[in-house]
There are 2 protein chains.
Amino acid sequence: MAVTIKDIAKQVGVAPSTVSRVINGSAVISQETKDKIMKAMVEMDYHPNSLARNFANGSTYAIGLVIDASDDNTFSNAFFNRSVYAIETVVQENGYNLLITNDRDDDKRSSVEKLVFEKKVDGIILPSSSATPKLIRLLKKNNFPFIILGEPEIEKNETSWVDVNNALGSETAVKHLYQNGYQKIAFILENRTTVFAKNRVEGYEKALEEKGCGEKEDYIKDCGGKVENAFEITKELLRQANAPDAILCSNNVIAYQVLCALKEINVSTPNDVGVMTFDNYPFSEYMDPPLSVVDVDTFRLGEQAATNLIKKIQNADYENQQTIIATKLIIRESTKGKTK
Amino acid sequence: MAVTIKDIAKQVGVAPSTVSRVINGSAVISQETKDKIMKAMVEMDYHPNSLARNFANGSTYAIGLVIDASDDNTFSNAFFNRSVYAIETVVQENGYNLLITNDRDDDKRSSVEKLVFEKKVDGIILPSSSATPKLIRLLKKNNFPFIILGEPEIEKNETSWVDVNNALGSETAVKHLYQNGYQKIAFILENRTTVFAKNRVEGYEKALEEKGCGEKEDYIKDCGGKVENAFEITKELLRQANAPDAILCSNNVIAYQVLCALKEINVSTPNDVGVMTFDNYPFSEYMDPPLSVVDVDTFRLGEQAATNLIKKIQNADYENQQTIIATKLIIRESTKGKTK
DNA sequence: TTGTATGCGTTATCAT
DNA sequence: ATGATAACGCATACAA
């Protein structure tokens with residue numbers, strides 16, 4: 001048996017409650033007994049039993065991070081992972097533990113519901129893909145603290161969430177391309193179903209409108225979820241009567257496909273066609289040519305989410321809050337401008 | 001206040017202990033009362049309080065996964081992340097929760113020590129980089145279940161660990177290159193300090209010896225931690241009197257640098273020089289040419305680690321065990337063979 | 001400033 | 001097969 005608060009009390013000759021009080025600083029204790037107790041704790045190698053502590057407090061001091069189970073790759077997504085790192089850091093700094101769980105179903109009850117009902121965590125962070133109407137309703141009904149990672153499809157104004165400013169990201173990207181002399185800008189996306197994809201399209205279209213360009217839709221291409229398709233799509237685009245002279249991509253793999261396709265048909269980047277992409281993947285600076293990117297600060301994303309959630313946990317009527325994090329352009333060679 | 005075991009007992013007209021027994025199946029209960037209790041639990045929307053449960057059992061039903069804090073990129077390492085996903089899956093299947101923590105120091109006491117002393121987890125998984133002599137000693141002294149992810153530098157035989165067969169991985173890679181007609185095989189590594197790097201060198205050298213090649217060291221190049229250096233290193237290698245005709249790389253970014261360097265000096269891959277790398281990064285199949293790789297099954301790595309740890313937790317005198325997971329070659333164009 | 005007593009929800013031991 | 005009761009380690013309301 002490990003040494004407990006009682007052992008310390010007995011050793012020092014005080015009541016267990018006094019020991020508890022010095023541990024928590026929850027009352028004024030004479031310096032003298034405080035010293036004696038502290039000394040005894042060290043000597044006897046005492047460590048508070050968090051199981052008992054949590055039980056007595058009715059709190060887990062843990063926050064749950066939900067991972068989208070439908071996607072094996074969530075964990076290999078470099079961007080998501082920067083967020084996880086940030087979350088872990090913030091959570092730990094605040095004395096909480098980070099518990100990671102998949103939202104796969106055990107039987108009828110999802111593991112997320114279990115976390116909530118069985119008091120395994122004090123609050124949860126969930127990706128927008130896991131923010132189903134059913135789960136949101138459940139959480140709100142139980143007044144359970146939660147925050148969504150990424151703008152949700154529903155209840156945008158009645159929930160707390162953090163997201164990257166995807167709309168502004170593509171808007172500034174397009175404007176940068178215009179500035180560097182590109183005129184007809186295409187946009188190749190992995191798919192258009194997600195909220196963030198829609199926001200990116202929105203920003204893209206806004207920039208085009210401001211420039212007075214009408215034929216927007218022709219330049220928006222969807223890979224249908226298969227990034228490999230970007231290769232053929234690029235070649236087709238360039239074959240068009242009104243071929244684009246710049247291509248914005250929704251991620252690095254697509255951008256790589258685009259670069260390869262352009263090379264194959266002897267179109268020079270950036271001299272003939274500029275290429276730009278979202279997400280500053282490690283590879284992007286080594287590409288040929290190095291890629292200009294819309295950099296997304298996923299560390300801050302996670303940081304904000306965790307900070308906000310902890311505030312909510314510690315203050316039940318903390319108001320819902322939506323945070324939108326600015327993107328940043330990293331300009332490299334692939335958008336240097338046309339030569340002619 | 002949430003409904004407790006007592007409420008159920010009162011409602012049904014039995015003792016709390018009886019309710020507890022049906023929840024845990026820890027004794028034979030008449031079908032009749034069992035039914036009544038189950039019914040009441042559903043009706044009253046009862047959920048066991050895991051805080052109380054853990055406290056009573058003296059168990060957290062959580063396992064800790066330690067992340068190497070010194071490396072911001074741990075979380076963006078796609079390979080490590082596949083392991084995390086596997087660990088999470090196994091852990092959850094066994095009714096445990098996964099708690100993630102950085103091993104950064106709070107004050108004098110590391111957060112890992114806290115996990116152990118304060119009974120926040122029942123066992124831990126730690127990367128070999130975190131397996132310091134001090135920590136190992138502490139864990140063994142407290143008879144605390146743990147398993148190391150990656151062959152540790154110390155106490156190889158007195159600890160449980162899982163690793164990929166790095167030695168065999170490079171050995172088979174080199175043999176594959178020989179088979180496809182390449183004769184002089186170089187090896188470019190990020191650095192040679194880690195255990196896994198040493199193992200890879202070992203396997204490489206073994207394959208060379210079997211072939212009867214002596215001048216091994218000349219062909220082993222170290223990037224000194226900076227992958228960009230692979231570019232210059234490659235050009236230098238090819239400038240050598242006895243230039244290699246194949247290059248094995250320790251990761252994809254290095255391989256990409258090598259491909260670029262070869263292109264710049266007009267050396268064809270795979271016709272003049274074969275290129276091969278460790279780790280099947282998402283990009284590798286899209287490279288020009290698509291890269292042959294030594295694929296490392298990091299999912300199984302994590303799976304094994306978690307499975308083993310849980311066995312140890314549930315059976316205190318489960319013996320130490322070292323698991324070495326085989327690698328697999330994925331052959332693509334970059335090692336197709338020389339034309340002349 | 002400190003001690004006493006009680007409770008948190010569950011499990012386990014000992015009865016019956 | 002089931003009930004009564006103690007115990008887990010800590011926190012806190014109330015007393016002193």
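1. Chain A carries 12 helices and 12 strands, where helices (H or I, at least four residues) and strands (E, at least two) are DSSP runs numbered from the N terminus. Keep in mind that this is a predicted model: local features need pLDDT of at least 70, side-chain atom pairs count only at pLDDT 80 or more, and totals for chains, interfaces and linings use all residues. On bookkeeping, residues are numbered from 1 along each chain as its sequence is written, while chains are lettered from A and ligands numbered from 1 in the order in which they are written.

2. Overall dimensions of chain A. The C-alpha trace spans about 90 × 40 × 35 Å along its principal axes. In chain A, 47% of the 340 residues count as buried, meaning 20 or more other C-beta atoms lie within 10 Å of a residue's own; 12 or fewer makes it exposed, anything in between partly exposed, with C-beta atoms placed from the backbone. Of the chain A contacts with a separation of 6 or more, 70% come from residues 24 or more positions apart; a contact here is two C-beta atoms, placed from the backbone, within 7 Å.

3. An open sheet of 12 strands with mixed pairing has the order β11(A)-β5(A)-β4(A)-β3(A)-β1(A)-β2(A)-β2(B)-β1(B)-β3(B)-β4(B)-β5(B)-β11(B); strands pair if DSSP finds at least two bridges between them. At the edges sit β11 (322–325) of chain A and β11 (322–325) of chain B, each pairing on one side only. Neighbouring strands are turned by 20° against each other on average, direction ignored.

4. Where the chains join in that sheet, β2 (residues 97–102) of chain A and β2 (residues 97–102) of chain B run antiparallel and share 3 bridges. L99(A) has L99(B) as its bridge partner.

5. On the chain B side, helix α12 (residues 298–314) lies across β1 (62–67), β3 (123–127), β4 (146–149), β5 (161–164) and β11, at about 150° to β3(B). Axes are lines fitted to C-alpha atoms, for helices over the stretch in contact, and angles run from 0 to 180 degrees between N-to-C directions.

6. Strand β6 (residues 185–189) of chain B is worth a look: 5 of its 5 residues are buried, so it is largely enclosed by the rest of the structure. I185(B), F187(B) and L189(B) cover one side, A186(B) and I188(B) the other. β6(B) runs parallel to β8 (residues 246–249) of chain B with 4 bridges, and I188(B) stands opposite C249(B) there. Its pairing with β7 (residues 220–222) of chain B is also parallel, over 3 bridges, with L189(B) opposite D222(B).

7. Elements giving two or more residues are α2 (16–24) and α4 (50–57) of chain A plus α2 (16–24) and α4 (50–57) of chain B; α2(A) gives the most, with 6 residues.

8. Finally, I5(A) sits in helix α1 (residues 5–12) of chain A. I5(A) is buried, with 21 other C-beta atoms within 10 Å. Beyond its neighbours within four places in sequence, I5(A) is in contact with P16(A), V19(A) and S20(A).
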